[in-house]
Amino acid sequence: QPSKRQERGVTPNQRRRRRREGQEEKGRGSNGGDEMNPLGDFVEGACRLLVRPGRAAYTVDQLVGGRDGRFVMNEKKMQRCDFVLPNARGDRLQASLYLEGEGLECASGKTCVVYLHGNCGCRLDANDVVRLLLPASISVCCFDFSGSGLSGGEYISLGAREPADLKVIVTFLRTLGVTMIGLWGRSMGAVTALRYVHTERDLSISGILADSPFTSLVELIHHLVGQKGIPRFATSAALFLINRRLRELGMDVNEVNTLESARSCYVPALLAHGDGDSLIPPSMSERIVEEIAGDAYLMIVEGDHNDLRPLKFQRAARAYFRALLKGGVKTPESLFLNI
């Protein structure tokens, strides 16, 4: 005689499967979604922060000079010359050169500072730098890294691929006849500046201003893990999962080591860091400045990671680049005296 299970059309295997499904349902929320997984959520968020943060949106009308690109400073005619260059991966880099005169041919014989934006930034961030340096007869070049702003590319890499983008820009400036070049970077841009002179071995760079760099990508991830309250024993697991995701994009967290690059940085370097930086602690800049092979100085200013820098810092930056790009022998006293 058939059992009750068989009479109802339910086999023992089906019964066991239903029990498993019922147990899985207990682990789900009332909305049918998976129960919150702090480590998994952190890994997803960290990956977005590292390679695909919010992309800055802007138009050329917002750049100094507007759509026309012509403007006046100190009763002198200035121009923003926009240009596009492909990087090694074929991504189109959108760039601008601000200079006195009209046209790129006026760049010959001039000095220039290349501004390097942060992970969520773009060349619009250089507007204040243009207003600060151009009246001091220092041209300013800025561009959107691959994966940022209006440039091509889907991802950034927090200093892994960005030095190669910078090399494209510096090489172009050299072909224009620009004589001396300084680098001014913030956050990811600061790391890029330090790594550029190391990885590209370009000792023709006159000097660097690095605002809020981190020591290494691994240490930055460890710091972020601590901020999110992830247990210490899970840190290695988080790092492994993040690196596995980044390797799918052709990157590796161990590739970006700013401390290592600092040991090969023989050009002058002015570092700056906000005393209230909640994303990258000032202690990271303190460690970097100790490792820099050349003359270096650290300026601690008021503010958080993305805060506007105080007027004292702006004046110090201008004095630094004036001394840096005027030629002749440089001494720590001549470079950092007014800081």
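Student: How far does helix 8 (residues 235–247) reach from its first C-alpha to its last?
Tutor: Helix 8 has 13 residues, where helices are DSSP runs of H or I with at least four residues, strands are E runs of at least two, and both are numbered from the N terminus. The expected span is 1.5 Å times one less than the number of residues, and for helix 8 this comes to 18 Å. The reach of helix 8 in the model is close to that expectation, at 18 Å.

Student: Which residues of helix 8 are buried, and on what basis is the structure described?
Tutor: This is a predicted model, in which local features need pLDDT of at least 70 and side-chain atom pairs count only at pLDDT 80 or more, whereas totals for chains, interfaces and linings use all residues. Residues are numbered from 1 along each chain as its sequence is written, and side-chain values use heavy atoms, with hydrogens and water left out. Buried denotes under 20% relative accessible area, exposed over 50% and partly exposed in between, with a 1.4 Å probe and protein chains only. The buried residues of helix 8 are T235, A238, L239, I242, N243 and L246.

Student: Why do the buried residues of helix 8 lie on the same side, and which exposed residues does the face turned away from them carry?
Tutor: The buried residues T235, A238, L239, I242, N243 and L246 are on the same side of helix 8 because they cover an arc of only 125 degrees around the axis. The arc is that of the directions from the helix axis to the C-beta atoms. The face turned away from this buried side carries the exposed residues S236, F240 and R247.

Student: Which elements cover the buried residues of helix 10 (residues 282–291)?
Tutor: In helix 10, P282, M284, S285, I288 and V289 are buried. They fall within an arc of 150 degrees as seen down the axis, so they line one face of the helix. Contact means heavy atoms within 4.5 Å, and the covering elements include helix 6 (188–199), helix 7 (217–227), helix 9 (258–262), strand 8 (269–274) and strand 9 (296–301).

Student: Against which elements do the buried residues of helix 5 (residues 162–175) pack?
Tutor: Helix 5 has 14 residues and reaches 21 Å, close to the 20 Å expected. Its buried residues are E162, P163, D165, L166, I169, V170, F172 and L173. These pack against strand 2 (76–86), strand 3 (92–100), strand 4 (111–116), strand 5 (139–143), strand 6 and helix 6.

Student: Is M188 buried or exposed?
Tutor: M188 lies in helix 6. Not counting residues up to four places away in sequence, M188 touches H117, G118, N119, F145, I156, L158, G159 and E162. Because its relative accessibility is 0%, M188 counts as buried.

Student: Which residues line the largest cavity?
Tutor: On a 1 Å grid over the protein atoms alone, a cavity is a set of points where a 1.4 Å probe fits but cannot get out, a pocket is an open set with protein on both sides within 12 Å along at least five of seven lines, and lining residues have an atom within 4 Å of a point. The largest cavity has a volume of about 80 Å³, a volume being the space filled by probe spheres set on grid points joined across faces, edges and corners. Its lining divides into 7 nonpolar, 2 polar and no charged residues, where Ala, Val, Leu, Ile, Met, Phe, Trp, Tyr, Cys and Pro count as nonpolar, Asp, Glu, Lys and Arg as charged, and the others, Gly among them, as polar. The lining residues are L49, N119, L158, S187, M188, F214, L220, L279 and I280.

Student: What is the volume of the second largest cavity?
Tutor: L50, V51, S157, L158, A160, L217, L246, M251, D252 and V253 line the second largest cavity. By class, these are 8 nonpolar, 1 polar and 1 charged. The volume of this cavity is about 50 Å³.

Student: Which element gives the largest share of the lining of the largest pocket?
Tutor: The largest pocket has a volume of about 490 Å³. Of its 21 lining residues, Y115, D125, R186, N306 and L308 are the closest to the centre. Two or more residues each come from helix 4 (127–133), strand 6 (180–186) and helix 11 (311–324). The largest share, 3 residues, comes from helix 4.
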